[in-house]
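This briefing is intended to be read beside the coordinates. Please load the sequence and structure before turning to the points that follow.

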Amino acid sequence: MALPKYTEPHYRIWHYIYLTICAAVFFFLIAPLFVIFPLSFNAEEFLSFSDGMKRLDPDAFSLRWYKDMIYGTKNPWGLAAKNSFIIAIFATIGSVILGTVAALGLSSRHMPYKGLIMAVLISPMIVPLIISGVAIFFFMAKAGLAATHTGIVLAHIILGTPFVVITVTATLSGFDHSVTRAAASLGSDPVNTFMKVTLPLILPGVISGGLFAFVTSFDEVVVVLFLAGLENTTIPIQMWTGLREQLSPTILAVATCLIILSTLILVTAELLRRRSERLRGINR
Amino acid sequence: MSSETKQILTTDGIPLEVSLKKAEKKNKIKAFLLVAPLLFFLIITYVFPIGDMLFRSVDDKMVTQMLPKTFKAMENWDGQELPDEEVFAAFHEDFIKLVEDKREGKLSTQLNYTKNGFKSIIKKLRRASKKFEEGNYKEQIMAVHKRWADVEYWRAIQRRAPEFTGQKYLKGMDMYVNEEGKIVSVEEDRRIHRVLWLRTLEIAFFVTVFCFLMAYPIAHLLATLPMKYSNLLMICVLLPFWTSLLVRTASWMILLQQQGIVNDFFVGIGLVADDNRPEMMYNKTGSYVAMTQILLPFMVLPLYSVMKTISPSLMRAGKSLGGTPFVAFWKVYFPLTIPGIGAGCLLVFILAIGYYITPALVGGASGTLISNQIAFHMKSTLDWSFASAMGLMLLSGVLVIYWLYNKIVGIDNIKLG
C-alpha cells in the first residue's frame, strides 16, 4: 500500500505504525505454529531449543521422535490414527448426506418455519461443546452406545452437520433454480435432476462443508473425552493425555504431521472457495 | 369484485386458487421432507438429551427412593422437636435395606450435599446397626453419635423428601436453603462458583476485547491490500483456523514454559532476570494469551467480509470534503464496519465463554473456567445433576447472546472462511 506523495509527515508515521502493528499481529497468529517444526526434530528429550540446535549443529537434529511415533513401544498413535480416520470419514459421510439434503429443503422458498428449523439445525455449533458433550453422553449412555465407534460417529455427525448446512445453503443461495426446472421440463425425475444438474453445481459447497465436518471430527476432543473407552482412543485424545501428563517430543512429531494435514486441507478449501465464487459469478 | 365474476379454472376444471394452494402445500411438504431426516436425528440425539439435562438437574428422586418409609413417617412430623420412635424405626428399616444393597455410601454422599457431617455418622451407624436390638430404635440410633440426636440433621433429611429440587441451581450460584427455608449465600471464602462465573465472564470479555483490537487493523489491511498480497497474508489467518486446537495449545505450552522461548526472549532483552523467570503458564496469563490467539481468526473473518464490501472511494470522499484521515475513518469507515464488529465480538464471546480444552491445559488453577468445573463434576465427582444444572445455566447465557446475535446480524449471515 503505497502512500500518495502529498501525505503529511505525521500521517506517514502513523501509517508505518499501523503496518508495524499489523505485522506484529500476523506474527502472533502464525509464529506459534512454526515453533513446533524445529523442536520436533530435537535429538534431545527437552521441549526447548538445545545449544546444538541454536548452532545449527546437524547432530542436534534427529528423526528420533518420528520413529518413536511410528515404531515406539506400546505405541498408542497407530490405533489412535486409525480410529481418528475411520470416525472422521464416517462422520463426514453422514454429515454431508444429512446436511446437504436438509440444505436443499431449507433453501426452498416453500419451507415452513425456516428460521426456527435453521436455529435447531445450527444449534450444535452455537451451544458450548462442553454442554453438547454432557447431553450427547447422556443420550449415548442410555442408547448403550457409549465407548463405541458408532456412538462417536453419531456424536460427530451432530457436531458436523451445521457446517455442511451453512456452506451448502450459502452455495444454493446463488443457485439458479431455472436449471432444475429446465431439467424437469426435459423429462428428468427429481433424483436424476439432483445427481446430474444440482449436485455438480453445488459440489464445491458440499465438499468444503465436508472438509469442515472432517476437521471438526478429526480435531474434536471434548465430546470424545466423555464417550471414548480405551478402544476408541483418537489422536486428539492421545494428545490431550500427553499434554496433561508428560509433554514428550513425540507429541510435537504428531503435531507437525497434523499441521501438514491442515495445510493440505486449507489449500483444498481455498481452491474450492475460489471455484465456487467463480461459479457464482462473484469475480473480484 | 362481484360474486358473479367467473372463477378462473385450470384445464382440469378445478378453481385456480384451489389448485395453487394444493401445489403450494405439496411443495411445502416436499421441502419439509428433505429437512426431516436431519431434524429428527438432531431432535432425538441432541435436543431431547438437552431436555434430559433439564430433568436431571432438578431430579431428586434418588434420596426419595432410598428412604421411602422414613419420608412416609415424617409426614406427621412438624420439624420442631426430634422426631418420635415411628420415624426412627422407619429410618432404621430403610437403612438396613440400603446396607444390604451396599448403597448406604450413596445415601451419605447425597445427604452430605444437604448438610456436612453425614458421611462419618452414617459410617458409624452402619457399624453400630449390626448390633442393634429390636425395638426402641430412637435410643439406639441417638446413642451412635450426638449428631443423630440433633434435630438439625433430621430436618436436613426431611428437606430431601421432594422428588424435584432447585438446589443444584442454587449451589451453582453458591447459595442454599438454610434451616429456616430461606435462600442464603454460603460463607464468603467458600463461594467458588461465583468466582468461576465471574472469571469466565471476565476472561471471555477481555479475550473478546483483545481479539477485536488485534483483528481490526489486520482485517482492514487484508481488505485494502491488492488481492495477490492479501491472499498470501490470509493464509496467516486461515492456517491457524484450520489447525488442530490441541496443536495450537501445545505450541503455547512450549512457548510459555519457564524455560521457553518467550521467557528466553525476555531474559535476552534484559526485561527479567534469568533466575526470576515469570510463570506465564498454568495461570490466567496462559489462558488469556492462548485463547486470544486461538480465537483471533473468528474475529478477523467476519470483520474482513464486512470491510471487503466498503468502497475505498467513501474514505476518499470523506477526505475530499475536508475531513482529516482520522475524522474520515471515525465518521465514515468505522460506522460501516459495526455489523462486522458485532458479529465477530459475539462469535468470539460465545466461543470463549464455553472454552474448555485450552484453559484446562494452560490455565492452571487460577485460569480455569466454568466449563472445567462442569467436566470435573461429570468425570470426577459424578454429580451429574449438578453438572447438568451448571451446563444449563451456561447455556441460557449463551442463548441470550445467540438471540442478540440473531437480532443484530441474523443467523443466515454466518460466514465461514
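Predicted model: local features only at pLDDT ≥ 70, side-chain atom pairs only at ≥ 80, totals over all residues.

Residues are numbered from 1 along each chain as its sequence is written, and chains are lettered from A and ligands numbered from 1 in the order in which they are written.

**Chain A: overall form**

- Chain A contains twelve helices and zero strands, where helices (H or I, at least four residues) and strands (E, at least two) are DSSP runs numbered from the N terminus.
- Chain A is more spread out than a compact globule, because its radius of gyration of 24 Å is well over the 19 Å that the globule rule gives for 284 residues; the radius is taken over C-alpha atoms, and the rule is 2.2 Å times the number of residues to the power 0.38.
- Along the principal axes, the C-alpha atoms of chain A fill a box of roughly 75 × 70 × 35 Å.
- Buried residues make up 44% of the 284 residues of chain A; a residue is buried if 20 or more other C-beta atoms lie within 10 Å of its own, exposed if 12 or fewer, and partly exposed in between, with C-beta atoms placed from the backbone.
- Of the contacts in chain A between residues at least 6 apart in sequence, 75% join residues at least 24 apart; a contact requires C-beta atoms, placed from the backbone, within 7 Å.

**Chain B: overall form and domains**

- Chain B holds 19 helices and two strands.
- Chain B has a radius of gyration of 32 Å, well over the 22 Å given by the globule rule for 417 residues, and is therefore more spread out than a compact globule.
- The box filled by the C-alpha atoms of chain B, taken along the principal axes, is roughly 100 × 95 × 35 Å.
- In chain B, 37% of the 417 residues count as buried.
- Among chain B contacts between residues at least 6 apart in sequence, 67% join residues at least 24 apart.
- Domain 1 of chain B covers 61-163 and domain 2 covers 192-413, with bounds that come from an automatic or database domain assignment.
- The centres of domain 1 and domain 2 of chain B, taken over C-alpha atoms, are 52 Å apart.

**Nonpolar cores**

- The largest nonpolar core has 162 residues, of which A:A102, A:V134, B:A215, B:L295, B:V300, B:V348 and B:A352 touch the most other members; such a core is a set of buried Ala, Val, Leu, Ile, Met, Phe, Trp, Tyr and Cys residues joined through C-beta atoms within 7 Å.
- Another core lies apart from it and has 21 residues, including B:L67, B:M74, B:F91 and B:L107.
- Beyond its neighbours within four places in sequence, B:V300 is in contact with B:A215, B:I218, B:A219 and B:V237.

- Helix α5 of chain A (residues 114-126) has 13 residues and reaches 18 Å from first to last C-alpha, close to the expected 18 Å, which is 1.5 Å times one less than the number of residues.
- At A:V120, α5(A) bends by about 35°, with the proline A:P124 following within four residues; the bend is the angle between axes fitted to the seven residues ending there and the seven starting there.
- Buried positions in α5(A) include A:I117, A:M118, A:L121 and A:I122.
- A:Y113 sits in the loop between α4 (77-106) and α5 of chain A, and its phi is near 50°, a positive value in a residue other than glycine.
- A:Y113 is exposed, with 11 other C-beta atoms within 10 Å.

**Selected residues of chain B**

- B:D174 lies in the loop between α9 (167-172) and β1 (175-177) and, although not a glycine, has a positive phi of about 60°.
- B:D174 counts as partly exposed, having 19 C-beta neighbours inside 10 Å.
- B:M315, in helix α15 (residues 312-320), is partly exposed with 18 other C-beta atoms within 10 Å.
- Not counting residues up to four places away in sequence, B:M315 touches B:A328, B:V332 and B:Y333.
- B:V144 belongs to helix α7 (residues 137-144) of chain B, and its C-alpha atom is separated by 42 Å from that of B:L369, 225 residues apart along the chain.

Methods
Contact = placed C-beta atoms within 7 Å.
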